[in-house]
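Here's a quick tour of a protein and some of its ligands. Have a look at the sequence and the 3D view, then read on.

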Amino acid sequence: MSFVALSAIILIPAALASGPADYAGAEACRPCHSANFTSQSSTSHAHALAPSSPPQPGDWAFGAGLQAITPVTRVGPDSYREDGLTWYRSLNGYAITLGQHDEKGVVFRTLDPAARFLTCFACHSTGPLSLGKEEEIIPHELGVRCEVCHGPAATHVRDPSHSRLRTPAELTAVAMNRFCGQCHRTDSETGEELTDLRDPRNARDQPLRLAASACFLRGGGRLNCVTCHPPHQQVDQSASSYDVRCQSCHRKLVHRQQVAGQACVSCHMPRIPNGPYLTFANHRIATYSPGNPILPATPRGPR
Ligand code: HEC
Ligand code: HEC
Ligand code: HEC
Ligand code: HEC
Ligand code: HEC
Ligand code: HEC
Ligand code: HEC
C-alpha cells in the first residue's frame, strides 16, 4: 500500500485538518443520545478492537468474534506480529489465520513501507493513531465508534445547536459505498483493491458487489448500505428479517418455483466461503444456482 493510501485510511473519515483534540469519544455522546449510545455500544463495530485478556493470547484482539478473532502481539521495540492462530466461531476453536501458512505468525516492522499494522489499527479504531515510545501504536478510541461516521464532534458536544454533525445518510448511494468502502473494501491481506467479481476473496467486498446488482443499478439510487443495516444496531443474522426490505421494492413477485416460507436472501444473497472457516453474504443481489454462490446464473451487468 502506498503512503498516500495509508494516510487516506488513517485520516478517515474526518476532515484532513483534525487532530486528537477534535474527537470527543463515544462516552461524551451518552448524556444526550443515550439510545444510540447504548445500541451502538453492543455492535461488532464497537468491539472490532480490544486489548487481549487472559487466557486470550496476544496483546490485541482484532475482530468482535461474530466470525473470528485474530490476536496481534508486539514483539519488539519496532515490530508487531499477526498471530498464526485465529479463533473462529464456526469452529469454536483456533486454526491457522486466513492468509497464513503455519502457526508461527507473520512479523512486520511498525513503519514498514506497507504499514500493515498501522492500517489494521486504523480500520478497527476511531480517530487518529499515534506512535508512543519505541513505535508503539496507540489507537485513539477502540472499535468503530460514533465519530468514524459522524466526524470529529468535540465542537458539537460543547455547543450542539451551533455545530451540526453530518450523517452518512445524507450521501448518495454511490458515495455511501465509497464511504463504508474505505474499510469494507480493500483486501486486508494485501492492501490491494480487488475488482474481479469471480474472486472469492472479494466475498467480503460488499460495496463492489452491491454496486454490480441490478437492484442498485436500476433502483434509482434508493438502495444503499443503511437500507438493510440500521447503523447503530448489530447486524441482523435472521435471514427472514431482510424480506421486508426486498419487498419495499419488489411488491408483486411471480416465481416459477416454490419459494414460500424461505428468506429472499437465502437464494438471492447466498453465503460465499472465504477460506475454510469464514463465509460472507454475497452482496451482488441476483439469481444463483445452488453450486455457484459467486456468479449469477443469469448474469446481467458486469461479469
Ligand atoms: C449536550 C448534548 C449533546 C451531546 C453531548 C451530543 N449531542 Fe448530538 N445532538 C444534540 C442536539 C440537541 C442535536 C439536535 C441539533 C439540531 O437539530 O439542531 C444533536 C444532533 C446530533 C446528530 C444529528 C445530525 C442531524 O442533523 O441529523 C448527530 C449525528 C449527533 N448529534 C451526533 C452526536 C455524537 C456522535 C455525539 C458524541 C460525540 C453527540 N452528538 C453529542 C445534543 C448533543
Ligand atoms: C473505520 C472503518 C469502518 C468504516 C468506515 C465502516 N466500517 Fe463496518 N466494520 C468495520 C470493521 C473493522 C468491522 C468488523 C467488526 C468485527 O470485528 O466483526 C465492521 C463490521 C460491519 C458489519 C458487520 C458486523 C460484523 O460483525 O461483522 C456491518 C453490517 C458493517 N460493518 C456496516 C458498515 C456500514 C453500513 C458502514 C458505512 C455506513 C460501515 N460499516 C463503515 C469497519 C468499518
Ligand atoms: C481496510 C480496512 C481494514 C484493514 C486494513 C484491516 N481490517 Fe480487519 N476488518 C475490516 C472489516 C471491514 C471487517 C469486517 C468483515 C468484513 O470484511 O465484512 C474486518 C474484520 C476483521 C476480523 C473478523 C473476521 C473477519 O475476517 O471478518 C478480524 C479478525 C480482523 N479484521 C483482523 C484484522 C487484522 C489482524 C488486520 C491487520 C493485519 C486487519 N484486520 C486489517 C477492515 C480492515
Ligand atoms: C457506521 C456508521 C455510524 C456509526 C458508527 C454511528 N452512526 Fe449515528 N448515524 C449513522 C447514520 C447513517 C445515521 C442516519 C440515520 C439512519 O439512517 O438511521 C445516523 C444518525 C444519528 C443520529 C441522528 C438521529 C437518529 O438516530 O437518526 C444521532 C443522534 C447519531 N447518529 C448518534 C450516534 C452516536 C452517539 C454514535 C456512537 C455511539 C453513532 N451515531 C454511531 C451512522 C453511524
Ligand atoms: C431500492 C429498491 C430495491 C430493493 C430494496 C431491492 N431491489 Fe431487487 N431489484 C430492484 C430493481 C429496480 C431491479 C431491476 C428490475 C428490472 O430490471 O426489471 C431489481 C432486480 C432484482 C433481481 C433480478 C436480478 C438479476 O440480475 O437478474 C433480483 C433477484 C432481486 N432484485 C432480488 C432482490 C432481493 C432478494 C432484495 C432484498 C435482499 C432486493 N431485490 C431488494 C430494486 C430493488
Ligand atoms: C428458493 C429460492 C428463492 C427464494 C426463497 C426467493 N427467490 Fe426470487 N428467484 C429465485 C429463482 C430461482 C428465480 C429465477 C426463476 C424464477 O423466476 O422462478 C427468482 C427470481 C426473482 C426475481 C426476478 C428476477 C428476474 O429475472 O427478473 C426477483 C425480483 C426475485 N426473485 C425476488 C425475490 C424476493 C423479493 C424474494 C423474497 C420475498 C425471493 N425472490 C425469494 C429463487 C428464490
Ligand atoms: C439488500 C440488503 C443489504 C444491503 C443493501 C447491504 N447488506 Fe450487508 N448484509 C445483508 C445480509 C442479508 C447480510 C447477512 C446477515 C447474516 O445472515 O449474518 C449482510 C451482512 C453484512 C456484513 C457481515 C458479513 C457477512 O457477509 O455476513 C457486512 C460487513 C455488511 N453486510 C456490510 C454491508 C455494506 C458495507 C453495505 C453497503 C455497501 C451493505 N452491507 C449493504 C444485506 C444487505
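## Ground rules

This is a predicted model: local features need pLDDT of at least 70, side-chain atom pairs count only at pLDDT 80 or more, and totals for chains, interfaces and linings use all residues. Residues are numbered from 1 along each chain as its sequence is written, chains are lettered from A and ligands numbered from 1 in the order written, and side-chain values use heavy atoms, with hydrogens and water left out.

## Around ligand 4

Ligand 4 is surrounded by 16 residues (each has a heavy atom within 4 Å of it), and the closest are N36, C146, C149, H150 and H232. The side chains of H150 and H232 each place an N or O atom 2.8 Å from a nitrogen atom of the ligand. For N36, a polar side-chain atom sits 3.1 Å from an oxygen atom of ligand 4.

Domain 1 (3–166) and domain 2 (171–281) each provide at least three residues of this shell; the domain bounds come from an automatic or database assignment.

## Around ligand 2

Ligand 2 also has 16 residues around it, with H45, A64, C180, C183 and H184 the closest. A nitrogen atom of ligand 2 is 2.7 Å from a side-chain N or O atom of H45, and for H184 that distance is 2.8 Å.

Where does ligand 2 lie? Both domain 1 (3–166) and domain 2 (171–281) give residues to its shell, so it lies between them.

Key. A polar contact is a pair of N or O atoms within 3.5 Å; within protein, one must be able to donate a hydrogen and the other to accept it, and residues adjacent in sequence count only if both atoms are side-chain atoms.
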